[in-house]
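Let me put the structure on the screen, and then we can walk through it together.

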Amino acid sequence: MDLVLTTFLKMAFILAVILGLVPVLIWAERKGSAFIQDRTGPNRAGIAGIRLAGLIHPIADVLKLLFKEDVRPAGVHRVMYALAPFLVFFVSLLTYAVIPFGDYLEVGGRRIPLVVADLDVGILYVLAIASLGTYGIVMGGWASNNKYTFLGAVRSTSQMISYEISMGLALMGLLLVSESLRLTDVVAGQGQLLWGFLPRWGVVVQPLGAILFMTAAFAETNRNPFDLPEGESELVSGYHLEYSSMKFALFFMAEYTNLVVASALIATLYFGGWNIPWLSRAVIEARAGVLLPALLAAHVAVCALAAALYLRRASRERGKFGDARDREPGLMAGVCVVAGLAGLAALALRPWEIGPAGASLLATVLQVGAFVGKVVFFCWFFIWVRWTLPRFRYDQLMHLGWKVMLPLALANLVVTAVVAAFV
Amino acid sequence: MVKVTIDGTELEFAAGTSLFDACRTARGEALPHFCYHPDLSVAGVCRLCQVEVEGMPKLTIACNTTVREGMVVHTRSEKVRRAAQQILEMHLINHPVDCPICDQAGECGLQDQYMTYGLYESEVGKSDKVHKAKVQVIGPRVVLDKERCVLCSRCVRFCDEVTRTGELGIFNRGDRAEIGVAPGRQLDNAYSLNTVDICPVGALTSLDFRFKKRVWLLRSTPSLCHGCATGCSVRVDHEAGTVYRLKPRRNPAVNGAWMCDEGRDTYRELHADTRLREPLLRRDGALRPATWPEAWATLAAAAGPAAPLGFAVVSPRQSLEEIALFAHLAAVLGAPAAGVSGGAREADRGEGDDLLRSADRAPNRAALAWLGLDEPAGADLAARVRAARGAVLVYGADPAADAPGWREAVAGRTVIHLGTHRNATAESADIVIPLGAWAEKDGLLVNRQGRVQASRRAIARPGLAQEDWRFLADWLAAAGATEFPASLPDLRRWVAGRVPALAGVDLNALPPEGLVPGAVAAGAGGER
Amino acid sequence: MNGKVHGYGGKMTLWERLYLGEIFRGLGITIRHVIRNLLHTGDMPTVQYPEEHRAYSPRFRGRHRLMKREDGTPRCVACMMCSTACPADCIHIVAEEHPDPAIEKAPASFEIDLLRCVYCGLCEEACPCDAIRMDTGIYDLAADSREKFWVDKEFLLNNTTDGTR
Ligand code: SF4
Ligand code: SF4
Ligand code: SF4
Ligand code: SF4
Ligand code: FES
């Protein structure tokens with residue numbers, strides 16, 4: 001019973017974080033690309049004048065997509081056509097089951113591991129699920145009965161096959177090092193230090209493997225520079241061309257959940273997962289009395305700074321728009337002040353006298369936070385790369401996959417095996 | 001014959017030829033001119049047509065000079081060009097140059113000459129000009145702007161020499177001289193709009209055409225006036241499917257350069273509200289729009305193998321080919337055919353005169369005789385229709401309005417009307433077929449001289465209306481005839497073969513002035 | 001920004017063919033833009049359109065207007081020069097008699113289909129009366145139906161010239 005309850009709670013937490021992240025990522029993609037290209041990006045949609053630099057736009061988008069007509073073109077395969085977006089989205093969520101997002105949570109003396117399913121074949125599961133994702137794309141592209149969508153689907157499959165291999169080989173190198181297929185073990189192993197000062201992260205012991213894996217991850221998620229399945233310039237928008245309304249939204253959301261999965265995998269396998277370098281659980285629990293007040297103080301300082309900036313903006317742009325938008329900086333300054341005051345109030349509770357249970361909780365929170373932070377960073381990295389690089393040509397893509405990545409991955413595996421056998 | 005050297009080329013002309021015409025032949029284009037007109041007497045007042053004749057001390061006007069043996073003429077010398085330019089400048093001294101509001105703009109002699117010979121900077125300010133009356137309505141159809149007049153006197157000569165009514169004259173002297181109507185009179189003769197045509201500038205303009213369209217937007221199609229049996233050659237000026245005016249087309253054998261005012265109004269019937277735009281079938285006592293397939297089905301039931309046609313009448317307003325094809329169709333359907341007699345039609349009779357207008361207002365009556373169709377008088381027609389059993393077919397005519405006793409004769413019988421307008425016959429018909437009006441199709445007319453002339457299609461038919469010969473040919477095919485034309489040239493060859501008078505005439509290659517069969521050798525083409 | 005530009009078929013160096021270094025260089029360039037734009041939002045070249053308007057040259061051809069005579073009637077004499085010159089065939093004029101014989105001709109209706117107009121300015125160039133001008137500076141034409149872009153004489157006569165709507 002307990003197991004069921006905690007599992008559900010963990011799933012709920014994961015879902016909340018991911019589904020919360022998706023709109024933020026869409027926003028980051030738009031705003032980030034705008035800033036990279038010296039544009040302003042979204043800044044219009046607002047609720048009572050509150051625009052949050054464009055963060056309200058995803059809400060407007062969702063509303064729009066919900067109320068759009070669901071057009072189904074003539075000649076589609078009805079069942080497949082309807083099923084494809086759900087499959088894509090569903091599969092993209094499945095991988096999370098095995099990704100540990102924290103060490104454990106101590107409740108009433110019981111330790112709940114922060115992973116939904118701690119499979120002993122976690123990595124295999126990840127690979128298996130990842131290759132399922134392409135089925136939805138193929139189904140959607142084929143069922144749409146359109147040559148562009150079909151080409152997109154075909155590209156997606158061949159791309160998937162080409163990069164799956166190097167991905168698997170890169171992972172095998174990591175397995176040799178971590179000596180376990182269980183992701184919790186892989187993460188825990190990365191908590192140690194190498195030669196006493198270097199975190200034993202996957203990227204440190206398997207640098208080439210990390211690069212190969214990340215490259216393959218880009219390809220698997222169909223992100224630029226590997227976004228040929230939806231290459232707008234040649235395929236209009238690829239496999240989801242014929243989709244509209246919420247079905248399109250599912251494809252769109254799946255793209256971003258896939259992004260989060262890929263980021264989580266990269267963070268888990270090669271960047272220490274929930275580990276905070278040099279701050280192991282023991283250290284955090286021992287120093288909780290210092291860490292917590294320091295964090296709170298930092299929070300108060302950040303809030304004060306933000307409030308000051310907003311107030312400056314408020315005084316500079318008084319009456320700029322002549323409508324509700326003029327109130328935004330003032331309101332935001334107020335919110336920052338309240339948040340800062342809350343931090344101060346927390347400081348007043350003498351957090352340095354924190355007990356062992358609290359210290360354990362703090363450690364868990366910090367670790368989960370570190371994990372989420374890493375994931376968010378890699379998500380941004382995906383976006384950042386997308387707006388930096390041009391798209392590959394298809395022959396270049398294949399060349400890279402088969403003639404560069406595959407030999408490198410094989411070499412990496414052999415070298416790792418040799419080293420692992422003799423060290 | 002006399003030999004003349006014009007611009008270095010030696011040419012021969014008949015003695016008495018005017019130097020103006022000789023120069024036109026030599027140059028390929030006319031000399032600049034305002035007052036000269038081939039169908040009017042020579043006035044020699046505009047002084048634009050001056051040429052250099054060797055041996056003469058000064059330039060001379062070509063229009064008032066006849067060719068002499070051994071004459072050496074220069075029309076393109078610098079002296080001649082300067083003269084034309086200076087004369088033009090004098091014409092324009094008091095000219096208002098209000099081209100933007102002038103209906104003549106685009107076909108104006110002043111504009112054309114200025115662009116060819118003028119192109120100088122004017123030294124006369126607008127305020128220095130002598131102003132005269134504008135917008136003078138001098139007759140039921142003509143507006144006069146005295147400022148724009150260049151006093152070429154063409155209009156005066158027209159009224160004096162052609163219509164011999166003499167309404168117009170030149171009044172006052174010097175730069176006060178102006179055109180006007182004689183006191184107490186109006187420019188209201190039956191040919192008044194010809195003054196508008198010959199006025200080289202915008203001094204005389206048409207009240208009907210006034211401000212309707214800028215002339216450069218119009219497209220012209222050579223055609224024939226369908227107003228009376230004279231069959232004047234005309235030009236149909238139209239744009240975007242709308243006809244805006246008719247202008248005479250010079251044809252010395254028929255109408256010279258003129259046409260009558262009544263004839264110019266005939267374009268209006270093309271755009272009347274009563275035009276038939278789709279087939280109409282009588283259902284529940286009223287005529288209701290129908291599709292072509294429905295119309296064909298009804299036609300086949302009313303006058304096909306199952307129900308033979310009773311009688312067929314055709315109007316002398318249809319073209320030669322159409323009448324011939326129609327008569328053939330009537331024969332195939334087993335019905336006697338006749339023309340609708342002019343005697344029966346008061347509408348076919350009008351005022352005639354010895355200039356152009358014919359009292360016979362039907363443009364193609366001669367064709368009926370050629371094709372052996374008689375024209376029973378009103379009561380006669382009714383009697384013959386009554387005598388025949390079966391449906392009655394009417395093509396282009398309106399016997400219900402014109403022929404006494406017609407309504408009684410067709411009472412209770414199916415009446416099929418092929419036509420262009422909702423006239424009385426159409427209103428009382430059971431099947432109404434919309435066809436093209438005269439400007440919407442090609443056709444040949446035989447005028448009162450027996451001259452065959454071609455009228456050309458200018459605009460598109462309205463709505464679902466069909467081209468006449470195509471409809472008749474389709475019906476022939478549907479009726480099981482073996483002989484029906486595949487194209488209009490085909491049809492014309494077929495017609496020429498059926499009419500003895502047309503033996504040896506190629507109806508597909510008629511000269512612009514038409515021809516009188518049998519009189520070709522006699523030079524009926526006339527001289528220019 | 002200071003990267004080498006390779007012509008088509010140009011040879012890449014080994015370092016460039018390794019991609020990674022160049023990718024990180026590119027990432028550096030883009031992140032510099034992000035940071036600069038984050039810190040100096042005000043310097044963005046973007047024009048915040050409905051609130052801000054770009055200042056156009058006085059020669060800019062905006063929405064047409066019809067000039068008036070002193071008595072407020074249109075200066076246009078319906079000569080159709082503009083509609084003849086118009087390459088888009090979007091000026092539709094019907095002429096009528098003006099009661100004053102010194103003016104003689106005036107437009108009964110004067111309509112422009114702004115959706116067909118290509119803003120070439122040939123109409124104002126062609127007008128002999130300086131009756132049509134495109135100096136209003138109005139360029140933001142928006143409406144929720146096509147009919148509203150079909151503007152008539154009244155509208156054109158009362159078009160403002162200062163660029164406001
Ligand atoms: S008469 Fe000729 S030149 Fe004079 S205003 Fe009319 S178009 Fe212009
Ligand atoms: S009104 Fe016309 S035709 Fe008559 S004199 Fe004047 S210019 Fe000549
Ligand atoms: S600007 Fe050009 S396209 Fe537009 S109305 Fe004027 S002439 Fe026509
Ligand atoms: S060109 Fe000028 S005067 Fe002529 S119709 Fe156009 S706006 Fe009116
Ligand atoms: S044409 Fe010869 S003087 Fe007028």
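Let's begin inside chain B, at the interface of domain 1 and domain 2, where the rule finds 0 salt bridges. Please keep in mind throughout that this is a predicted model. So what is there at this interface of domain 1 of chain B and domain 2 of chain B? There are 5 residue pairs in polar contact, both partners at pLDDT 80 or more. On the side of domain 1 of chain B that touches domain 2 of chain B, the residues divide into 7 nonpolar, 4 polar and no charged.

Here is some orientation for that part. The domain assignment of chain B gives domain 1 as 2–91, domain 2 as 125–217 and domain 3 as 280–521. If you take the C-alpha centres of domain 1 of chain B and domain 2 of chain B, they lie 27 Å apart. In terms of contacts, 11 residues of domain 1 of chain B meet 11 residues of domain 2 of chain B. Together these two domains of chain B bury about 880 Å² between them, with 57% of it on carbon and sulfur atoms. Which residues of domain 1 of chain B lose the most area to domain 2 of chain B? They are B:Phe34, B:Leu40 and B:Ser41, together 55% of what that side buries.

Now let's move to how the chains meet. There are 2 pairs of chains that touch, and the most contacts are between chains A and C. Chain A and chain B do not touch, and their nearest C-alpha atoms are 32 Å apart.

Let's look at chains A and C, then. On the chain A side, 19 residues are in contact with 20 residues of chain C. Chain A and chain C bury about 1700 Å² between them, and 67% of that is on carbon and sulfur atoms. Three residues, A:Phe35, A:Asp38 and A:Trp384, supply 34% of the area that chain A buries against chain C, more than any other three residues. How many salt bridges are counted between chain A and chain C? The count is 1 salt bridge. A:Asp38 forms a salt bridge with C:Arg36, where the closest N and O atoms are 3.4 Å apart. Between chain A and chain C there are also 11 residue pairs in polar contact, both at pLDDT 80 or more.

On to chains B and C. Here 11 residues of chain B are in contact with 13 residues of chain C. The area buried between chain B and chain C is about 1100 Å², of which carbon and sulfur atoms give 64%. B:Pro100, B:Ile101 and B:Phe211 supply 48% of the area that chain B buries against chain C, more than any other three residues. Across this interface of chain B and chain C the rule finds 3 salt bridges. For one pair, look at B:Arg148 and C:Glu104, whose side chains meet in a salt bridge at 3.5 Å, N to O. As a reminder, side chains of opposite charge can pair when their charged atoms come close. The number of residue pairs in polar contact between chain B and chain C is 4, both at pLDDT 80 or more. By class, the side of chain B that touches chain C has 6 nonpolar, no polar and 5 charged residues.

While we are on salt bridges, the count over all chains comes to 58 by this rule. Two of them sit within chain B. B:Glu375 forms a salt bridge with B:Arg365, with the closest N and O atoms 2.4 Å apart. The side chains of B:Arg176 and B:Asp175 also meet in a salt bridge, at 4.0 Å, N to O. Is B:Asp175 buried, partly exposed or exposed? B:Asp175 counts as partly exposed because its relative accessibility is 42%, which falls between the cut-offs of 20% and 50%.

Chain C has its own division, into domain 1 (12–46) and domain 2 (65–157). Taken over C-alpha atoms, 52 Å separate the centres of domain 1 of chain C and domain 2 of chain C.

Last stop, the ligands. Around ligand 2 there are 13 residues, and the closest are B:Cys149, B:Cys152, B:Ser153, B:Cys155 and B:Cys199. That shell around ligand 2 divides into 11 nonpolar, 1 polar and 1 charged. Ligand 4 has 14 residues around it, with C:Cys76, C:Cys79, C:Met80, C:Cys82 and C:Cys127 coming nearest. The shell around ligand 4 divides into 14 nonpolar, no polar and no charged residues.

Methods:
Residues are numbered from 1 along each chain as its sequence is written. Chains are lettered from A and ligands numbered from 1 in the order in which they are written. This is a predicted model: local features need pLDDT of at least 70, side-chain atom pairs count only at pLDDT 80 or more; totals for chains, interfaces and linings use all residues. Side-chain values use heavy atoms; hydrogens and water are left out. Domain bounds come from an automatic or database domain assignment. Contact means heavy atoms within 4.5 Å. Buried area is the accessible area (1.4 Å probe) that two parts lose on being put together, summed over both. A polar contact is a pair of N or O atoms within 3.5 Å; within protein, one must be able to donate a hydrogen and the other to accept it, and residues adjacent in sequence count only if both atoms are side-chain atoms. Ala, Val, Leu, Ile, Met, Phe, Trp, Tyr, Cys and Pro count as nonpolar, Asp, Glu, Lys and Arg as charged, and the others, Gly among them, as polar. A residue is near a molecule or strand if one of its heavy atoms lies within 4 Å of it. Buried means under 20% relative accessible area, exposed over 50%, partly exposed in between (1.4 Å probe, protein chains only).
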